[in-house]
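Student: I would like to learn how to read salt bridges, chain contacts and symmetry in a model. Please take one feature at a time.

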6 protein chains.
Amino acid sequence: MNPAFHQPVDAAQVPRFAGLSTFMRLPAVTSPAGLDIALVGIPWDGGTTNRAGARHGPREMRNQSSLMRRVHPVTKAAPFSLANVADLGDVSVNPIDLLDGLARIEAGIAEIVAAGAIPLCAGGDHLTTLPVLRAVAKARPVGLIHFDAHSDTNDTYFGNNPYTHGTPFRRAIEEGLLDPKRVVQIGIRGSIYEPDEHGWAREQGIRIITMEEFVQRGPSDVMAEARAIAADQPTYVTFDIDSLDPSMAPGTGTPEIGGFTTREAQAMLRLLGGVDVVGADVVEVSPPFDVGGMTALAGATMMFELLCVMAGTLARRR
Amino acid sequence: MNPAFHQPVDAAQVPRFAGLSTFMRLPAVTSPAGLDIALVGIPWDGGTTNRAGARHGPREMRNQSSLMRRVHPVTKAAPFSLANVADLGDVSVNPIDLLDGLARIEAGIAEIVAAGAIPLCAGGDHLTTLPVLRAVAKARPVGLIHFDAHSDTNDTYFGNNPYTHGTPFRRAIEEGLLDPKRVVQIGIRGSIYEPDEHGWAREQGIRIITMEEFVQRGPSDVMAEARAIAADQPTYVTFDIDSLDPSMAPGTGTPEIGGFTTREAQAMLRLLGGVDVVGADVVEVSPPFDVGGMTALAGATMMFELLCVMAGTLARRR
Amino acid sequence: MNPAFHQPVDAAQVPRFAGLSTFMRLPAVTSPAGLDIALVGIPWDGGTTNRAGARHGPREMRNQSSLMRRVHPVTKAAPFSLANVADLGDVSVNPIDLLDGLARIEAGIAEIVAAGAIPLCAGGDHLTTLPVLRAVAKARPVGLIHFDAHSDTNDTYFGNNPYTHGTPFRRAIEEGLLDPKRVVQIGIRGSIYEPDEHGWAREQGIRIITMEEFVQRGPSDVMAEARAIAADQPTYVTFDIDSLDPSMAPGTGTPEIGGFTTREAQAMLRLLGGVDVVGADVVEVSPPFDVGGMTALAGATMMFELLCVMAGTLARRR
Amino acid sequence: MNPAFHQPVDAAQVPRFAGLSTFMRLPAVTSPAGLDIALVGIPWDGGTTNRAGARHGPREMRNQSSLMRRVHPVTKAAPFSLANVADLGDVSVNPIDLLDGLARIEAGIAEIVAAGAIPLCAGGDHLTTLPVLRAVAKARPVGLIHFDAHSDTNDTYFGNNPYTHGTPFRRAIEEGLLDPKRVVQIGIRGSIYEPDEHGWAREQGIRIITMEEFVQRGPSDVMAEARAIAADQPTYVTFDIDSLDPSMAPGTGTPEIGGFTTREAQAMLRLLGGVDVVGADVVEVSPPFDVGGMTALAGATMMFELLCVMAGTLARRR
Amino acid sequence: MNPAFHQPVDAAQVPRFAGLSTFMRLPAVTSPAGLDIALVGIPWDGGTTNRAGARHGPREMRNQSSLMRRVHPVTKAAPFSLANVADLGDVSVNPIDLLDGLARIEAGIAEIVAAGAIPLCAGGDHLTTLPVLRAVAKARPVGLIHFDAHSDTNDTYFGNNPYTHGTPFRRAIEEGLLDPKRVVQIGIRGSIYEPDEHGWAREQGIRIITMEEFVQRGPSDVMAEARAIAADQPTYVTFDIDSLDPSMAPGTGTPEIGGFTTREAQAMLRLLGGVDVVGADVVEVSPPFDVGGMTALAGATMMFELLCVMAGTLARRR
Amino acid sequence: MNPAFHQPVDAAQVPRFAGLSTFMRLPAVTSPAGLDIALVGIPWDGGTTNRAGARHGPREMRNQSSLMRRVHPVTKAAPFSLANVADLGDVSVNPIDLLDGLARIEAGIAEIVAAGAIPLCAGGDHLTTLPVLRAVAKARPVGLIHFDAHSDTNDTYFGNNPYTHGTPFRRAIEEGLLDPKRVVQIGIRGSIYEPDEHGWAREQGIRIITMEEFVQRGPSDVMAEARAIAADQPTYVTFDIDSLDPSMAPGTGTPEIGGFTTREAQAMLRLLGGVDVVGADVVEVSPPFDVGGMTALAGATMMFELLCVMAGTLARRR
């Protein structure tokens, strides 16, 4: 282990409820310089069409992430030994101006990318993924492994508004940020607007694995396909907390019953090993609608699962 | 699609939190005339022996049903195109007089039946199903597909009271409203009063599929049997929300751990296609005991699942 | 009483938890034609700089308003006999586009004004008052009686954004919608950004009565001054729920301890008799932050208090 | 102190969260024999016309009463030294049969009266006071000191039902249980059905002190009048928790803003010294609507205040 | 059935919300004499390193256990006919002195053991199992079947403190209370401090079945191994509620996503038949962090499952 | 203003929900060097005899303190201009060892005192004040202005334990940390153990102003006396949040109805100007029992009120 790597506070010395609340009890830093992976909050929900609140997601995921320990129970990955990781705070946002909000988020993430670090983001609503992709995929389109109840490839809302949390991946494809042939969406379910609602996405080449297909095939088979789609090229991973069942993640804006168990989701994320992850996020955790902090805990743990995969891959490639 | 059919408000134009709260954002109507399926509330819990609150079920299921979209994700059924559906409001009730309460509910449902519409009811406690059956099965006994943790075929409570939410199906059989040979109860579990608690029910010919049997066989096999029991004859479908696990439906009066996941329940309801449904309900959603609205959301979604099946069958038979 | 006036559902016949949820259990209408006072929701919080959620205010105030009865306990005013009142539903809104949101709200209220009715609005955040004033004060500036913890006369946020819930009354004065000499703000309290934070407001002629002054003088004396400031000319009344103490109204975005009791607030509203109210609102009720519905109940009751005053004045002027 | 008197568990030895939950940590007894004052639960809300839940009141008031200590802070009354007091458990109830419910409650209280003890009851909704009065006032009409937001002297509901929690005192007067000239109602407020809603009550001779009058006069003056009305004759004291402000008692079925503070209520109850209290109750605590147990705590403390007064008067008369 | 055995209150006569709250509505007794199985609370969380609150576990498990009926739904075991069972109240505890707390708990359980009864304990945090084992295993080491997310075999915290809820089983082995060869831990999961965190435990001979292994093998296979490990010798069963998924048991101090469903846990407990259970507990139910009582309900039901197994084995051995 | 003074984040640039959560959005520092006033958390509740949870107080008070602005509304004090203030994080604690916990807290505060800064502490339970006093009053006894429902001068609990949150001020006097003649306790109320419970305190010379006396005299008169008692000598100010009414501060371990309104408490704290405050704290905020964060908001605002007074006095003395 590189002795210069940031380390979390030791809960056997300082209890978990003590001290300032940072992601996984890591030091708070103000610059991405020197980091391999930057944990960063995006407290913004300006694209939310129904129940807002994901702006409060980073703070509560920080709080609940105090329950994380250093080592992954299955892979034994020790991410803070494998990579230099810290809490970079939150990007600048603008809660009342959608376009300015998008610009600020992009700028914040671009700074991380420029420093050579990989962003692991805590949203925010799912529209926040669009400016993150603008920063991460500026050089070339990337692939996408996308866990969600919803495809988020709708076109416009409320009379021609192109930017909502229901549209980021349509926009990202239109902007050339994603290679649609390398996009897979897993867990799609819930009632839809039109029988052919996912027609556009499928035409682009997006692979949609519905919840029903997932139930048939199971995590291993599905993830084998997902890894094949991502191929060995730069890929973004986005985890919408509403992919989980509302019993496990009630604190979200667009809950759909019949979702993943956390056990299924963890099984899938643990199969991301080897994927060239250039950025990742956990989005749509909405604390005002949460009960008992369980959604934020699920979100924070998914961040830890992603971190372990990302740090492991980084270390192997070094 | 018949252009005269009622349509829900479009969430891409009017956000889901806006406007009066009706079932699935449909128009509120005051007469069942012209409807194929009437969504109707039964805000009454006069038969509740322990924790009351199901009287508030219709209002909260209306609220949460604003999350429903128009089309079923798996079958692609578009119920509002296949049938004329609307929110008929709530039947008249009497919260302090049990017998008058039952009479008012029966009268309200009888009006729907007389108009040639099929009632899809939002309870209320499970005793509300008795007066609904009195209205729906006046002409001849009907079959019953019954999802529940409890058989609800007890005899009397508190010194000879025959009407509680633990007794409706015993009364319905005694009154000739149900053909016990065409009754199947699915998901029965939880501690019982007597080792032979279900003896009477089984003697009548009711088929009880316990949770343990369900776990062994799975949704498809169980529902094949249920459809066979219902045969191709008039059948009522009743969904007690406590058939779901309390983690998915905490807001109910008699929770029992070890219940259905919503995924299992959805799988079963989706296998009702072709059943001649003459009425249906979702009961025992008790908002004062709910957390984060998740029980009402589950209940509203089960109503949508039932609606899609009912509208599809109606359209095919037309 | 004009027999054509709309009447609420009778709770001695239909229990309060039954039926569709409308303001004060009045009929839902789709046109303001024929109304004297239109109860209307403005489910929009696009100007909120911190904790969103007021978009859900109208729905929950409708729910809680089911506890209102027909007659005022002190004045014995019977508003539904004195004036024709109904629930006009919600104005059109746009949750993701601030300027379009403002335009839609203004258009919705303008329709009410054009029909000769007075709007009594349920917000929404406090920025919603700006487009309401644009509709109500189009012809001439109006006076303002403003209950609030905050003056809401700040200038810009987040780098020059002129429209937030902290700026509506500065904008309204700049736009000539308010006569600043006829503006009184009551209950101002809580920490401030600058020692001279209210300098601009005072320069315009706005009279600010702080909480400390209120505590010294009491409701009667303060309201005598407020009525004198409003004079006998067209006046708007805006009630920000955060003027109440957070123990009585926790469900709001910017709570400040040390607020009005509901008893004090009721005492003040009851002293509005005779004021020429051309519109009124109750804003900043944020259900996701509410506990036990108490904020929405307070908001709905304040609407009832305002309604009684408005209907009484209308009747006397007839 | 009589060494035979029951004593509460000592919190300096056994922490308040430990042990079975009884009223004020007193021993649970099964017979009223030998008691001076019997603390008894009436877990019944069969007369509730809107939001049920008061059936759960006794259990939660028992829980919160574990915070009570032995001695009154102002009067220094030590009720458990002055009188023999115990927790008699709950009377028998019937949640689904109104008339049987009333009969069971009356029988349970009659047993206490027959044993020569005075009942101090934890409701239950306010209709429970009627059968208690039938037991307590069997021999002769009693006076009533009544704290409430509502007069509860309505006539019928839902088409001629005479028994609801809105009618107990009309029935009690009709049945000759109360001497209306010795009835005083304090704190009446909230919107009403008819301008002359309290006409019948006033015609009988009931003295109604509205909240507005209370605010003018204050606790001392009001209670001087109340004591004069009660005179030196047998009197029942009933405390409806909705007399308190909803910020202090949100957990109740019919909240009305603008209520008593607990400080005001305590001040009034402390002025009951010398009144010949033949029974008392705290009603309408509804735990499913409570937040943080604060309503049950207020209810339990009001029971303690009543107990101190009752024990003190008993001791002085001995 | 022995007519002298204690029986629970009959819910068909006395509703579940009525009466004092005891475990499974059994009589409260003050001595273990004559009991076969003593239900006893241990309201203590002095070993908790993060979120306290398990001290309130017994009271809330008592409350929720009022939902239990007399007979097991699958085995038809009727525990109150098979064995003499009662609620013995809570052992003495000391919330502010760790060592005195441990001593008091041991003394309380030793009294039960001395009377020839088997303790079935409601914790309390997991450190409470240590003093229980000191009482139960005084004569000889016992085996352990341990359901938990965590191994709880850490060494010290906060600078050499040997007693926390993360260390009881290390201490128990060191003290010779457990035969490590007869210890099996099931459901272990969640991030860990060190890659070899369970090394010490495995060296002692403890068999750790991780959640991942459980998912592969299923309840039957796992429990066959567990029974073989326990062999036909005295065995303690400890059920940490955090072995359940946080969606089913949010009210606990150290939640870990990806846990058992209650259905899985019930399936496992039902396979304990024949094991020579000398004591058992359900621990770490923390009501202040619970939502809607669902954790306490799960805990109470697990106590009932354990009771049925214990009573059945006792009866067979008689 | 000294340009080197730490300044809070500007909410007109960075919304209040963004960024790491520190007291009043000040910079987090790791050394008290250069500070005039150190905001410091004491996350410890090891002395709590009933409901724990105050260990989580600092984190939630930090969260809610994000609502504070820079300037006091009445005095116009701008504390961050008048003094150098920062968030020093939390002192080291030990949740499972009472004596070690006290030692760590004392050491942490002693470091602040040694650096010449004044500690403004966020508890923690009230026993935390004892080690703070050991650090602050090491050189000479100090005076105490103490807002509380309870005197906290009891002697021992649970068989001779001298250290609980009910005993700190008896210990502090015995240890010579307080000059009892300069101690005033304000707001004492609630039932007591013994009629002469406060006898010891009064014998030492402590002045106890009960809630009843406060109601008679009002804030100004009471605080004039308090200032006279404190005289112009070093004084500690301790604010137990349970001095507030439970409607305003439900999140605390020992709530007593009939407490201060926040308005009254603010009025009193604003009258502390000129007192030589050598340290201060706000204690007993218990987030697990809070509802809607209102207790933490009240606590954070009281910290701001104290800060303004302390900074103002410092500046004037400079």
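Student: Where do D:Glu174 and D:Arg171 lie?

Tutor: Side chains of opposite charge can pair when their charged atoms come close. D:Glu174 and D:Arg171 are both in helix H5 of chain D, 3 residues apart, which is about one turn of the helix. Helices (H or I, at least four residues) and strands (E, at least two) are DSSP runs, numbered from the N terminus. The two side chains form a salt bridge, with the closest N and O atoms 2.8 Å apart. A salt bridge here is a side-chain nitrogen of Lys or Arg within 4 Å of a carboxyl oxygen of Asp or Glu. D:Arg171 is buried, at a relative accessible area of 6%. Buried means under 20% relative accessible area, exposed over 50%, and partly exposed in between (1.4 Å probe, protein chains only).

Student: What should I know about the model and its numbering?

Tutor: It is a predicted model, in which local features need pLDDT of at least 70 and side-chain atom pairs count only at pLDDT 80 or more, while totals for chains, interfaces and linings use all residues. Residues are numbered from 1 along each chain as its sequence is written, chains are lettered from A and ligands numbered from 1 in the order in which they are written, and side-chain values use heavy atoms, with hydrogens and water left out.

Student: Which parts of chain D does the pair D:Glu175 and D:Arg134 link?

Tutor: D:Glu175 forms a salt bridge with D:Arg134, their closest N and O atoms being 2.8 Å apart. This pair links distant parts of the chain, 41 residues apart: D:Glu175 is in the loop between helix H5 (168-174) and strand E5 (178-188), and D:Arg134 is in helix H4 (residues 129-136). D:Glu175 is partly exposed at 33%, whereas D:Arg134 is buried at 17%.

Student: How many residues apart in sequence are the parts tied together by B:Asp232 and B:Arg317?

Tutor: The side chains of B:Asp232 and B:Arg317 meet in a salt bridge (3.2 Å, N to O). B:Asp232 sits in the loop between helix H8 (219-230) and strand E7 (235-240) of chain B and B:Arg317 in helix H10 of chain B, so the pair ties together parts 85 residues apart in sequence. B:Asp232 is exposed, with a relative accessible area of 59%, and B:Arg317 is partly exposed at 45%.

Student: How many salt bridges does the structure hold, and which residues are linked in a network?

Tutor: Over all chains there are 126 salt bridges. A network of them links A:Arg207, A:Glu213, A:Arg217, A:Asp221 and A:Glu225.

Student: How do I read the interface of chain A and chain E?

Tutor: Start with contact, meaning heavy atoms within 4.5 Å. By that rule 31 residues of chain A are in contact with 32 residues of chain E. Next comes buried area, the accessible area (1.4 Å probe) that two parts lose on being put together, summed over both. Chain A and chain E bury about 2500 Å² between them, with 59% from carbon and sulfur atoms. On the chain A side, A:Arg69, A:Val71 and A:Arg263 lose the most area to chain E, together 29% of what that side buries. The interface has 3 salt bridges. E:Glu256 forms a salt bridge with A:Arg69, at 2.9 Å between the closest N and O atoms.

Student: How many residues of chain B are in contact with chain A?

Tutor: There, 30 residues of chain B are in contact with 31 residues of chain A. The buried area is about 2500 Å², 60% of it on carbon and sulfur atoms. The rule finds 3 salt bridges across this interface. B:Arg270 forms a salt bridge with A:Glu212, with 3.1 Å between the closest N and O atoms. Helix H9 (262-269) and helix H10 (294-317) of chain B each supply at least two residues of the side that touches chain A. H10(B) gives the most, with 6 residues.

Student: How is chain A related to chain E?

Tutor: Two copies of a chain are related by a rotation about an axis and a shift along it. Chain A can be laid on chain E with an RMSD of 0.0 Å by a turn of 120 degrees and a shift of 0.0 Å along the axis. That is the relation of a three-fold axis. Copies are superposed by least squares on the C-alpha atoms of residues with pLDDT of at least 70 in both. In chain A, the C-alpha nearest the axis belongs to A:Ser247, 3.3 Å from it.
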